[in-house]
Amino acid sequence: MRPRPEPLKRGYDVDDNAIRFSNYFHALRALVHLHCGWLALEPSFERKYALGDHLHDDARSLSKVRRRLYELRHPSEYPGAPGDELAALLDRLDAADSPGAYAELAYGTVKPALVDAIHVHLDTLDPVTDEPSLRLLRQLAERQERHLAELGPPGATAPFSDLGALPVRLREKRPLQVLAPLDEPARDDFVEVTPDGDPYLVDDLYVNGGENHVPTEAEEQRHFFHALMDAELCAAELMARNSHEHPEMPWDFHVDMARQTWDELRHARVHDVLMRTELDCAWGDYPVGFSYFRSIYALDLLGRLALFNSTSEQGAMWRHSHRRKVLVGLGQENVAKVFDYLLADEVPHVHNGVRWGAYLLGGDERAYREKVRELRAGLDRTGAPAAASVDD
């Protein structure tokens, strides 16, 4: 005989449930948007990496929140605008004047408020009639609690007793504020930044074809992977700024940029570990430069996608494959494996360029490829629009 089930809880009605998810939407959307804005200006590599990891989590979580809103308000996922209390908190986030001030608010106030509200939600909902919310909220709580464990200040407290219960203005929309354009990204204070970067590196490292030089000796590999780590950081910062500076783009664009930002930061982490464990060097041992970053960042979104995703990343695919084959032949399997995984990640990065470049041209992929060819005509043999030479 089957055991008698627990009686159904009253829980939330559908409208109250939708209000709660709308408030989670506004908090997460602000965090994704502003993480993308501040990431390049955070100097610490460790904190920059964590921001990119959390950004990717929050973008995925927001996609699920949007879906739940669609289910609760079929056929709409429209979250309205936050009420006065939440809007005031998000205005404080917008007004932060440094990466540290932003992180203090994001991790000391907004994320704790999210966690508290989610636990209220979990304690109150009926786990049978509202099982979709139950599963989503458990995952969302776990992610937010991990973020707080990694970057949250001691004694962080929520400013509201229950963020989820705050009122929502259904017929309004809150615009996202965009930070001032970058001059250059920030690096740890022990990293030397010079106009020309590391003079040890040669242009032949960054060309496609028979003249491409594969670093095989220890000293050369130290300089190469150090520069490659910085190039991955620059790539992450470009993708994050693509998202932040273009809030009008479809949500799927922001999800793609968040994933690529995380990918590029993971690549940088791989190089950091490889240098410290196998190459007897470390981040900061050699100078870096930002001339290539500046040349790409100066372009509009279409130009960035064409020359970074559809040119630099596409060229990197060939070079990573070539390097892997050479290094396997020399018995350097661990270093070769790095290029194997970099190559796998570059494929969707190139696709991001085609997908969103074509979108910007009315969905015309042929017009986008023509734009790529036009812009490539002005590049030097390393693929750089100016004198800079960098690889990702």
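Predicted model: local features only at pLDDT ≥ 70, side-chain atom pairs only at ≥ 80, totals over all residues.
Helix α4 covers residues 99-124. Its 26 residues should span 38 Å at 1.5 Å a residue. The end C-alpha atoms lie 36 Å apart, which agrees.

α4 also has a kink. The bend is about 30° and is centred on A106.

## α4 against α5

Helix α5 runs over residues 131-151 and packs with α4. The angle between the two is about 150°. Their axes are 9 Å apart. An angle over 145 degrees counts as roughly antiparallel, and α4 and α5 are therefore roughly antiparallel to each other.

α4 passes α5 in a left-handed crossing.

Helix α9 has 29 residues. From its first C-alpha to its last it reaches 40 Å. That is close to the 42 Å expected at 1.5 Å a residue. G331 follows α9, and its phi is positive, near 80°.

Helix α10 has 28 residues, which should span 40 Å at 1.5 Å a residue. Its end C-alpha atoms are 41 Å apart, which agrees. Just after α10 comes G362, with a positive phi of about 70°.

## How α9 and α10 pack

α9 spans residues 301-329, and α10 spans residues 333-360. The two helices pack at an angle of about 160°. Their axes are 8 Å apart. That angle makes α9 roughly antiparallel to α10. The crossing of these two helices is left-handed.

What classes of residue make up the contact of α9 with α10? There are 17 nonpolar residues, 9 polar ones and 6 charged ones.

## An aromatic pair across the chain

The model holds 7 aromatic pairs, counting rings whose centres lie within 6.5 Å. One of the pairs joins F225 and F339. A pair of aromatic rings is described by the distance of the centres and the angle of the planes. For F225 and F339, the centres are 5.7 Å apart and the planes stand at 35°. Planes under 30 degrees apart would count as stacked, and over 60 as edge-to-face. The pair of F225 and F339 is therefore tilted.

This pair links distant parts of the chain. F225 sits in helix α6, which covers residues 218-244. F339 sits in α10.

Technical notes. Residues numbered from 1 in each chain as written. Heavy atoms only, no water. Helix = DSSP H or I, 4+ residues; strand = E, 2+ residues; numbered from the N terminus. Expected span 1.5 Å × (residues − 1). Bend = angle between axes of the 7 residues up to and from the residue. Axes fitted to C-alpha atoms, helices over the stretch in contact; angles between N-to-C directions. Parallel < 35°, antiparallel > 145°, perpendicular 65-115°, else oblique. Left-handed = near helix turned anticlockwise from the far one by under 90°. Nonpolar A, V, L, I, M, F, W, Y, C, P; charged D, E, K, R; others polar. Phe/Tyr/Trp six-rings, centres within 6.5 Å; stacked < 30°, edge-to-face > 60°.
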